[in-house]
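Trainee: I would like to learn how to read the places where chains meet. Could you take me through them step by step?

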4 protein chains.
Amino acid sequence: MSLNTFGHVFRVTTWGESHGPALGCVVDGCPPGIPLTEADIQPWLDRRRPGQSRFTTQRREEDLVAILSGTFGGMTTGTPIALEIRNTDQRSKDYGEIARSFRPGHADITYWQKYGIRDHRGGGRSSARETAARVAAGGVARKVLAALAPGLTITGYMLAMGSRSADRARFDMSEIGRNPFWVPDPVAAAEWADYLDAIRKDGNSVGALIEVVAAGVPPGLGAPVYGKLDADLAAAMMSINAVKGVEIGAGMAAAALTGTENADEIRSGAAGPVFLSNHAGGILGGISTGQDVVVRFAVKPTSSILTPRRTVTADGAETEIVTKGRHDPCVGIRAVPVGEAMMACVLLDHLLLDRAQTGGVRGRIGG
Amino acid sequence: MSLNTFGHVFRVTTWGESHGPALGCVVDGCPPGIPLTEADIQPWLDRRRPGQSRFTTQRREEDLVAILSGTFGGMTTGTPIALEIRNTDQRSKDYGEIARSFRPGHADITYWQKYGIRDHRGGGRSSARETAARVAAGGVARKVLAALAPGLTITGYMLAMGSRSADRARFDMSEIGRNPFWVPDPVAAAEWADYLDAIRKDGNSVGALIEVVAAGVPPGLGAPVYGKLDADLAAAMMSINAVKGVEIGAGMAAAALTGTENADEIRSGAAGPVFLSNHAGGILGGISTGQDVVVRFAVKPTSSILTPRRTVTADGAETEIVTKGRHDPCVGIRAVPVGEAMMACVLLDHLLLDRAQTGGVRGRIGG
Amino acid sequence: MSLNTFGHVFRVTTWGESHGPALGCVVDGCPPGIPLTEADIQPWLDRRRPGQSRFTTQRREEDLVAILSGTFGGMTTGTPIALEIRNTDQRSKDYGEIARSFRPGHADITYWQKYGIRDHRGGGRSSARETAARVAAGGVARKVLAALAPGLTITGYMLAMGSRSADRARFDMSEIGRNPFWVPDPVAAAEWADYLDAIRKDGNSVGALIEVVAAGVPPGLGAPVYGKLDADLAAAMMSINAVKGVEIGAGMAAAALTGTENADEIRSGAAGPVFLSNHAGGILGGISTGQDVVVRFAVKPTSSILTPRRTVTADGAETEIVTKGRHDPCVGIRAVPVGEAMMACVLLDHLLLDRAQTGGVRGRIGG
Amino acid sequence: MSLNTFGHVFRVTTWGESHGPALGCVVDGCPPGIPLTEADIQPWLDRRRPGQSRFTTQRREEDLVAILSGTFGGMTTGTPIALEIRNTDQRSKDYGEIARSFRPGHADITYWQKYGIRDHRGGGRSSARETAARVAAGGVARKVLAALAPGLTITGYMLAMGSRSADRARFDMSEIGRNPFWVPDPVAAAEWADYLDAIRKDGNSVGALIEVVAAGVPPGLGAPVYGKLDADLAAAMMSINAVKGVEIGAGMAAAALTGTENADEIRSGAAGPVFLSNHAGGILGGISTGQDVVVRFAVKPTSSILTPRRTVTADGAETEIVTKGRHDPCVGIRAVPVGEAMMACVLLDHLLLDRAQTGGVRGRIGG
C-alpha cells in the first residue's frame, strides 16, 4: 500500500478528481485468461452510481466504464488493466464558497495544510467519486474470484443509519436490492425513508454502519504479522472516505467478552472443522478459518450540509459556511458497494499471495 | 506492508517465535545522526515485559535488547538497525497438549491449515512475544520523533477491561504508570484488580479496550487515498495479536451522529486554526489536522484458558482442551505499550513520507 | 518495483498495448505546487515520436498527451497524475502472420508461454509504444527536478549503432538534436544515414549503444544496499524494451582495470571535493558523489525484420517468418529519450527518498 | 526493493556492518515445509568465506550461520527466517587512517556526504562482508528451488581477471571448485595465480568479470514491464559491492549485432520449442524462455590498496592515503558465490510471483 496504490500482488492504483475530466484505475497483477468486458464491471458501478434515489446526490453521472488495456478478445491477458470513467456532470459553479472556506469535518483543510494547493471543486481527490474506481477494480476482482474460488460470495448491507438500527431478526438478504438503503430489513427500509427525508429537509446528514460478509472464503488466506488478512481489511475499509472505525467479527465488543464466551468451539464435520460460533469473524491469527469473513465499518455523516457551521478561511478569517450543491444526506449508502469492492480486492490479493507462498497446499484436518 | 514488514520508508521487519532462541527486528530507513543506545529502548520493553504483576504471564523474560547494527558511537548511521532479544525462559514441556489439539479462538488451527506445519510451542510466530520486537522498534521511532517533532507525545491506556469501564471524569494521566492496568482512573484500577483476580482464579480471561493518543502531531501527515494516516493506523493496530476492532476519533459511534454534531467547527487561533471538538480524531481525509490523533482498539480475551473448550485434533478427532501453562488473564494489558509503539512507528513513517513529497512545506492558514 | 510500477516514492505505473485504444501512466507521489501542463510534457514525447525520419517506424502517431488528474490551475496538487495518449494509427491487418508464429528474438513466445494468451497486435504490451508512457512520466520528473535541483541536466545520445561507433574526439553536444540518430558526432551522423539505409533496404536491423549523462546531481542520492542508485538505474534501463546490458561509469571495462587506475583521486576545491577522474560514473557505494552520473546501455536489434527466420507456431509446427509492417530498423534510436526519461525518474525518486531519510542534511567536506 | 530489502514476495532484508557484533538477514515469504538446517546454508558461506587462499583477505572469520527463527523440526514453517553470522575477527586498530581520509574509489566519501556520520571500521555497511548475508539467503532460496524446480542448477565462475581472460574452448565446469578463482579453465587458473601474486605484491588490485548461468529455469518467469526478470537480475547484480556493469545474454555486444544475427531461431523439439542460439540469455520481453539464463557482471578492483592515492580528509585537507589492513587483491573472486546467491533469490522470487499470478499454468507450444 503506497499512497494511491493498494494490494500486494493484485494491485490497484486509482487516480482522478471529482471535477477533472475523468477518473479511473490501473489493475496490475490480474491473472490471465479471465473473461472480462465492460459488461462485467458496469453493473457494480450502476449500484454505486449517484442519483438513483432522492437519498443520494442528484449529480447525474452515467459512470460508464471503459477498459483501455489488459484484455484481448474479451479475456484478461495478464497485463495491466486500465479502467476509465469520464466525468460528465461537473457543475463547478456550485463550489464557489468552499474555495474560500474550509468545511468542518472535511478534508478541505488538511489538503490545504499538507499541499498548500487544493482542487476545491467537489472536494477534488478527497471526493467520494474516487470510490467509483474502487468499485470498478472490485468488478475485476470478482471475475477472478469467480474463476479461482467458485462459491465465494460477498454481501454488503447497512446495519444502522444515524439513530436507526435494523433488526437482524427480520433480515432477508433478498431485500437488500429492493430498497435505496441496501438494508436487509424491510421494516427498517420503510422507516429509514421517512427518517432520512426529515434529515435532508433539515439541511443535515447522518452516518451509517455497514457490514460486509464474504462466504465461501477458503481457509488459509492471510499471513503473519503485518500481512494479516484482517490488517489489510482494516486498511482497506478505513481508506474509504469518511470511515472512522472497522471491526472484524465481534469487533469492539470483543473487549467485553470473557475467554470462554469468545472461544469459537470446534467440532468435526464432513468437510473439515465446524465452528460453533464466529466471534472471530472468520479470521484467527490473521488467517482465514473458512468461516464467513465478517467486517463492519462506520461511515461518518456527510460533512457538506446546509446548516451553517463555524469555520475559517485560508486567510485565517472566521466565518460561517453553508455547503450548497448536490450532496448525499447519508454518504454511507453508497459506501455499501464500495465496501464490497474492497473486500473482493483484498480477498483476491491474499488468495494470489497465498498461492505464491504455499502453492495452495493446505494442512488437512481429519479426512 | 508485506507479510512481516511494516511501513513505507521507516520500515520494520520483525521475526521470531515464542520458543525459538531469540526474536527481533530490522529497522530500515532510520534517519542518521540520532542518539540511540540500548538504554533508549530498554525502558519501553520493561513496560511490556511479562511477569511484572500477577496479572500477566509468569513467564520470566528479561527482554534485554541488543543493538547489532546501524549505530556508531551511540548515533544512528542511516543503515539498518538490527535489534535482538534472546528468549531465556522457554518451557516447552508445558505445551504438549496444544501440539495435538487446536485452541478455540487461537491461531493454532489457521497456521496449520495454511502452512501444514506449525511451531506449536507457545504459539510460535502467533505468540504475543512478537510484540516485543514492535516495542523495540517503537523505541527507535520515539527517539527520531523526539528529534524531528519535539513536543510530540504518545500516551496509551486502558479504557475498559471485560465488563468494567474506566470513568473519563476521573482520568489523571499520572495514574497510568501506577497500576498494573495502565488505566488513568485510580478507582477503576482498584476495582479491576479484584475483578481480574476472580477471572483468573475462574480459569477464564477477559478482553480490553485501549486508547492511544498522540499530541503535538504536525498537521499534514498522511496521504490520499490508500496511504491515509488512519488507514495505516488501522492496519498497524489490527496487526497486533488479538485485536478485533480499530476506531479513529468518534469511531464506530460516528455512524449514529448527524452532520451538525460531527462537524468539528473551526476558529482562528494565535498559532493557526483551532478546532472546537475532535470527532475526527485528528485526521481528516487521511491527513493529520494538528489536533490529537486518537485511536482506540479492542483486544479479545486470551484464548489460552483453563476452562475446557470443545475442539478437534489434526486427525479430526473431537476432544476438549484445557490450556495449562503461563498465560495472561488479560492479554490486553500488555497491548498498551504495543499500541503506543505502533503509533510511534506510523507517525514517524508518515513524517518521513511527507518530508519526501512536500519537503515539509505547509499551506498557511492566517498568520 | 512491482510488475508495472516503478519507483519508491515517486512511483510510475504504466499501462497500455500497442493496438489498444490508448496507453498511459499514473504518476504518484509527485510534489505539490510544481507548474505542469501538457506543454511541459509534449516536447519530450515529440522527440520519441515515430515517423520523424525514414529511420523510425512509419506508423503515424501524434502521441498527444492529456493530463487527466493531479493538477489544478496548471500546478501539481500532490495527488496522482494520470497521463494518457490515445492510439490513432493501429493497422491491425498488418499483423496477421505474427498471430500464428513467434518472431525469433521477440517476446511473442514468452508472453504466450507465461499467460497462454497474448495480444499479438503490434506486440501488445511488449511493444516499444509502452515507452511513450515513460517519456511522459519523465517529463513530469524533469519539471520537479527543475524546481528541486536547479542546474541538474540530463543528456542522452548514441555512441554506436551496429558496427559503427561515434568518435568522442568529435563530440559536440549541440549536434545531438540536429540528426536523426541523437549522435553528438556530426561525421558519424552522416555515415550512419547511409549505413542504416543499407540495413533497412536489406530487410535487416541493428542494435545501438546509448549513453545518458546527468550533470549537477547532488551528492548523497542513493542508499545501501538494494536501494543503491546504480541498482535502480540498472533496473530502470534494463526494463526498457530490447536492452541487454547496463553500465555505470567504467562499466564492464572495470573488470580489466587495476586499483590504481580505477581510483578516482580526490582534491579539495572551492565548493567541496574535486575528483580527478570518473571511473565511478558518479556513484560510489550506491550513492551519488556529485560528479556526472554516467549510464550506458545496449539495445539489441529490432526483432521484426523482413529477412525470413526459422520459427514455430503455437501448434508446434516449424515454419519461417517474415515480419512485414512498419518497424524501426534501429529501435535504439528511439531509446535515447526513453533512457533520459528513466534517468529523470530514478534521480527524482532518490532525491525524494533521500529527503525522507536525511531531510537533505549533508556531511560537509572542508569549508 | 527498498533500501535494505530485496524481492517481491520472497523478500530478503539484510543488516550488519563489517565490524559490528554480527550481520545477518531476514528471509520473508519462504514457502513452508522445506527441509532447512544450518547445514544446508553453511557450505555456501564456506565458499565465500575469506582467508581460504592467499588471494583473499586474511581476515579469519568462521562465518558460522545460525537460524534463529522460521523453522521447526528442521522444516521451514512459512514464517520469517532470521539468519545470523557473528563477527569474530574485527581488528579495528587497522582502520585508523581511513577514519580521517576517504579512500578513492570507495564508499567512504559518499556515506559521509549522505549521512554526515559513518562507521569507518572496515567500511561499515559498505563492506563486502554484507554479502555473507546474501549468500546465506541464497542458501535458503536454493533449498526451495530444489523442491519447486528440481533440475534447476546455478553455476557461477570467473571469465576474466584484470587483463587476463579465460578461454571458453578450455572450459570444464568441474574445474571451477579446484582453483581459488572459480575459473573453469585450468590453464587460466595456473596463469592467474602468478598474475595475482604480482598484483598483490605490487600493492595493487584488479577487477573481474563473472558469469552466472542458471539451467533448467522454467519458461514463463518474469513480467512486464518493470518486473522483468532481467530488470530484477540487473538490480540484484548491480547491488553487489563494486559491480559496475551487468549483461544478459549477448549483453553490451548486442549493440553491434544485426537482427538476423540476433534472432535466436526456433525449431520444434520433443519437449517444446528448441532455440538454435541464445543471444537472449534465456529472457525475452522480461520473461524466461526455458533456455539457460545467462548473466555477466563486472567487478571493479578493490579500492583499498597499498599504493598511495591522493585524497582529502573530512576537513578538506589534501593528503595521500595508503590502505593497510587485510584486503582482497581481487574482490571479484568472492563475488562469484554472491552472484550465484542473487540469481537463486531472483529466480525463486519470480517463480513464486508467477505462481501468484498464473498459478503455474502455461501456454502450450505443440505437444
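Predicted model: local features only at pLDDT ≥ 70, side-chain atom pairs only at ≥ 80, totals over all residues.

Trainee: How should I describe the size of an interface?

Mentor: Often the size is given as the accessible area that is lost when the parts come together. For chain B and chain C the buried area is about 1,000 Å², and carbon and sulfur atoms give 58% of that. Within chain B, the residues that lose the most area to chain C are B:R355, B:A356 and B:Q357, which together make up 51% of what that side buries. Counted by residues, the contact takes 15 from chain B and 15 from chain C.

Trainee: What is the area buried between chain B and chain A?

Mentor: Here the buried area is about 9,100 Å², with 60% of it given by carbon and sulfur atoms. In chain B, the residues losing the most area to chain A are B:K114, B:Y226 and B:K244, and together they account for 10% of what that side buries. The contact takes 117 residues from chain B and 117 residues from chain A.

Trainee: How many salt bridges are counted between chain B and chain A?

Mentor: The count is eight salt bridges, and one example joins the side chains of A:D354 and B:K114, at 2.6 Å from N to O. Across this interface of chain B and chain A there are also 65 residue pairs in polar contact, both residues at pLDDT 80 or more. Helix α3 of chain B, residues 108-115, supplies seven residues, the largest share of the side of chain B that touches chain A. That side as a whole divides into 55 nonpolar, 41 polar and 21 charged residues.

Trainee: Which strands of chain A and chain B are joined by bridges, and do they run parallel or antiparallel?

Mentor: Strand β11 of chain A and strand β11 of chain B, each covering residues 243-248, are joined by three bridges and run antiparallel. To find the pairing in the structure, look for A:G245, which stands opposite B:E247 in β11 of chain B.

Methods. Residues numbered from 1 in each chain as written. Chains lettered and ligands numbered in written order. Heavy atoms only, no water. Contact = heavy atoms within 4.5 Å. Buried area = accessible area lost by both parts, 1.4 Å probe. Salt bridge = Lys/Arg side-chain N within 4 Å of Asp/Glu carboxyl O. Polar contact = N/O pair within 3.5 Å; in protein donor to acceptor, adjacent residues only side chain to side chain. Helix = DSSP H or I, 4+ residues; strand = E, 2+ residues; numbered from the N terminus. Nonpolar A, V, L, I, M, F, W, Y, C, P; charged D, E, K, R; others polar. Pairing = 2+ DSSP bridges.
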